[in-house]
Amino acid sequence: MAEKHVAAFPDGLDASHAKAVKGMRAHASPLAFFMLGGLMVTAMTGVLGGSPAPVTVVNAPSASLQVKLARPLRSGLVFETHIRVVARRAIAKPVIGIDAPLWRDLTINSQIPAAADESFKEGQFRFDYAALKAGDTLDIKIDGQTNPPLVGHLAGAITLLDDDTRLAEVRVSIPVLP
């Protein structure tokens, strides 16, 4: 049986590639370890996003308004917003108003349930829903995505109205990271 010849180096490499380069260390810098560790600890705190979305609740005489919105957002991130209205008295024409600056450079992909009517009035996107009796709950889920140019900060209000009468309002401030 013939002996196989095994090359010391793969094709294209020779002994000169195995020699230490003058001025180069043979190990990684401890600084790289600490930088990576610091980044991992920062990420675990939730400062860069990824933590559970906070719920903001406003209790008014007519209704309770709850808003659950991820904060902070990141560029290109797909996110959900949950809005819950619990009527304490009858609301003839419930309307959810979202300040236009809150949706600057966002793409809204879906809203469930769909509003009976949509409009833009007094600087707000407004969505009309069916009447609510005392004790009724309206749950709304909005799916959106941040557009790539959006970096900085979004601020505004999500408002519950009965036609044009303000019943409750949640102020929202959202940092947007790259």
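Select Asp 105 to begin: at 31% relative accessibility it counts as partly exposed, a class that lies between buried (under 20% relative accessible area) and exposed (over 50%), taken with a 1.4 Å probe on protein chains only. This is a predicted model, in which local features need pLDDT of at least 70, side-chain atom pairs count only at pLDDT 80 or more, and totals for chains, interfaces and linings use all residues. Residues are numbered from 1 along each chain as its sequence is written, and side-chain values use heavy atoms, with hydrogens and water left out.

Asp 105 sits in the loop between E5 and E6. Strands such as these are DSSP runs (E, at least two residues; helices are H or I, at least four), numbered from the N terminus. Asp 105 has a positive phi of about 60° and is not a glycine. Next select Asp 163, in the loop between E10 and strand E11 (165-177). Phi of Asp 163 is also positive, near 60°, and Asp 163 is partly exposed at 36% relative accessible area. Most residues other than glycine have a negative phi, and most peptide bonds are trans.

Now look at two prolines. Pro 72 is placed in the loop between E2 and E3, and the bond from Arg 71 to Pro 72 is cis, with omega about -5°. Pro 113 lies in the loop between E6 and E7; a cis peptide bond joins Ile 112 to Pro 113, again with omega about -5°.

Move to Thr 146 in strand E9. Is Thr 146 buried or exposed? Thr 146 is buried, with a relative accessible area of 1%. Show its polar contacts (N or O atoms within 3.5 Å; within protein, one must be able to donate a hydrogen and the other to accept it, and residues adjacent in sequence count only if both atoms are side-chain atoms). A polar side-chain atom of Thr 146 lies 2.6 Å from the backbone oxygen of Arg 74, and the side chain of Thr 146 reaches the backbone nitrogen of Gly 76 at 2.7 Å. Leaving aside neighbours within four places in sequence, the residues in contact with Thr 146 (heavy atoms within 4.5 Å) include Leu 73, Phe 79 and Asp 105.

Select strand E4 next. E4 pairs antiparallel with strand E2 (residues 63-69) over seven bridges, where Lys 68 has His 82 as its partner. E4 is also joined to strand E9 (residues 137-146), antiparallel, by nine bridges; there Val 85 stands opposite Leu 138.

Then colour the open sheet of six strands, in the order E3-E11-E10-E5-E8-E7 with mixed pairing. Its edge strands are E3 (73-74) and E7 (117-121). Within this sheet, Ile 98 stands opposite Ile 158 in E10.

Finish with the residues that line the largest cavity, among them Leu 69, Phe 79, Trp 103 and Ile 174. Strands E4 (78-87) and E6 (106-112) are the elements that give two or more residues to this lining.

Terms used: On a 1 Å grid over the protein atoms alone, a cavity is a set of points where a 1.4 Å probe fits but cannot get out, and a pocket is an open set with protein on both sides within 12 Å along at least five of seven lines; lining residues have an atom within 4 Å of a point. Two strands pair if DSSP finds at least two bridges between them.
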